[in-house]
Amino acid sequence: MSAEMKLTNWVRASILRLKPYSSARDEYSGDALVFLDANENPFDSPYNRYPDPLQRKLKERIVVLKQVSPEAIFLGNGSDEPIDLLIRAFCEPAIHNVLRMDPTYGMYEVAAGVNNVGVIRVPLTGDYQLKASRLLAAVTPETRMIFLCSPNNPTGNALDPGEIVKVIRGFPGPVVLDEAYIDFAPGRSFLPRLAEFPNLVILQTFSKAWGMAGIRLGMAFADPEIIAVLTKIKYPYNVNILTQQAALAQLANPQEKEEWVAALLKERKKLATALSQLPQVEKVWPSDANFLLVKVKNARKVYEFLVRQGIVVRDRSGVTLCGESLRISVGKAEENELVIEKLQQYSM
Ligand SMILES: *Cc1c(COP(=O)(O)O)cnc(C)c1O
């Protein structure tokens with residue numbers, strides 16, 4: 001790799017220079033008879049001790065599950081944390097910008113906005129596909145990062161892997177590929193190909209297939225040099241003890257996740273079929289995720305009707321290319337049946 005291709009050259013100079021906070025548990029992390037180094041309360045609450053700042057036990061399990069080295073893993077407070085940290089590591093406020101597809105997940109733009117980093121939105125095609133040439137043509141000299149999301153939210157479809165590769169190869173800076181819904185997609189994750197692309201950052205989460213949105217745990221996978229930068233600038237104890245314990249417990253039972261995913265895929269199919277037979281439904285978009293994007297006649301009216309029935313879905317009508325569209329998460333069988341039953345009672 002040439003010097004200018006080295007990704008750490010894309011990191012903000014102030015971040016490269018930064019000397020990170022050194023916690024007591026960074027200086028000494030082994031076992032000991034007595035810990036008197038962190039001003040903790042010695043009485044067993046049982047949360048009196050600070051958590052492991054590097055989440056070693058948790059990463060050991062994720063190494064086995066994902067077949068990546070621990071140095072290639074960053075764990076954070078949901079995916080929200082690595083999204084924010086990536087922008088802060090690479091983008092100079094008021095100067096640089098990031099590129100995102102339109103429509104896509106809203107958090108990339110919010111995180112950029114909070115950091116006073118510009119956002120360039122590049123529309124997807126009419127059937128929500130990525131055109132690499134269109135995206136790359138929108139890059140400016142100030143562009144420091146590209147966000148891709150596959151399967152995409154709120155459209156539900158996985159992006160063409162060939163187009164994803166073109167973006168990763170065509171842009172020398174970091175390309176973030178958000179795979180929050182990858183467990184529900186027939187196609188493969190890019191994770192096994194991480195070593196092929198030194199500028200690729202993959203995001204996954206415990207919030208969807210793993211059923212742990214409440215514990216706030218997100219994963220970023222990338223070249224160890226990028227991971228080291230994120231680790232350097234994170235809050236020292238960013239993943240608390242309760243979260244680490246709950247994740248370890250769930251990871252001990254990966255079979256349960258597989259069963260949930262299988263059940264949700266079955267339900268997704270049933271729900272899509274039932275929805276497409278309703279007179280107020282104009283289109284049910286094909287989904288590779290655990291939700292459906294559904295175009296209806298008068299989305300606001302349908303949304304408000306459902307709310308009156310005690311059912312909350314997401315009205316995405318205000319989103320680019322998603323006019324008159326509702327995003328409906330796939331629930332349990334009885335929940336999905338109730339939505340259909342209520343929609344059958346709806347009169348236009
Ligand atoms: C739900 C979702 C996430 C998960 O975010 P967390 O902060 O990990 O809960 C990430 N990306 C996308 C596109 C999502 O829809």
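How do the residues of the lining of the largest pocket divide into nonpolar, polar and charged? They divide into eight nonpolar, four polar and six charged, where Ala, Val, Leu, Ile, Met, Phe, Trp, Tyr, Cys and Pro count as nonpolar, Asp, Glu, Lys and Arg as charged, and the others, Gly among them, as polar. This is a predicted model, in which local features need pLDDT of at least 70 and side-chain atom pairs count only at pLDDT 80 or more, while totals for chains, interfaces and linings use all residues. Residues are numbered from 1 along each chain as its sequence is written, and side-chain values use heavy atoms, with hydrogens and water left out.

**The ligand and its surroundings**

- Around the ligand there are 14 residues, of which D178, Y181, S207, K208 and R216 come nearest; a residue is near a molecule or strand if one of its heavy atoms lies within 4 Å of it.
- By class, this shell around the ligand holds five nonpolar, five polar and four charged residues.
- Polar contacts are pairs of N or O atoms within 3.5 Å; within protein, one must be able to donate a hydrogen and the other to accept it, and residues adjacent in sequence count only if both atoms are side-chain atoms.
- A polar side-chain atom of S207 lies 2.6 Å from an oxygen atom of the ligand, a backbone N or O atom of S79 lies 2.7 Å from an oxygen atom of the ligand, and an N or O atom in the side chain of N153 is 2.8 Å from an oxygen atom of the ligand.
- Taken alone, the ligand exposes 390 Å², and the protein buries 94% of that, with accessible areas coming from the Shrake-Rupley method with a 1.4 Å probe; for residues, only the protein chains shown count as cover.

**Pockets**

- On a 1 Å grid over the protein atoms alone, a cavity is a set of points where a 1.4 Å probe fits but cannot get out, whereas a pocket is an open set with protein on both sides within 12 Å along at least five of seven lines, and lining residues have an atom within 4 Å of a point.
- The largest pocket has a volume of about 520 Å³, a volume being the space filled by probe spheres set on the grid points, which are joined across faces, edges and corners.
- Lining the largest pocket are 18 residues, of which Y50, P51, D52, K57 and Q244 lie nearest its centre.
- Helix 3 (56–66) and helix 9 (241–251) each supply at least two residues of this lining, and helix 9 gives the largest share, four residues; helices (H or I, at least four residues) and strands (E, at least two) are DSSP runs, numbered from the N terminus.
- The second largest pocket holds about 300 Å³ of space, and of the 19 residues that line it, K66, S189, L191, P192 and Q204 are the closest to its centre.

- Four strands form an open sheet in the order 8-9-11-10, with antiparallel pairing, two strands being paired if DSSP finds at least two bridges between them.
- The edge strands, each pairing on one side only, are strand 8 (281–284) and strand 10 (314–315).
- Strand 10 pairs with strand 11 (residues 325–329) in the antiparallel sense over two bridges, and R314 has R327 in strand 11 as its bridge partner.

**Backbone details in loops**

- A cis peptide bond with omega of about 10° joins S45 and P46, and P46 has its place in the loop between helix 2 (24–27) and helix 3.
- Another cis peptide bond, with omega of about -10°, joins S150 and P151, where P151 belongs to the loop between strand 4 (143–149) and helix 7 (161–170).
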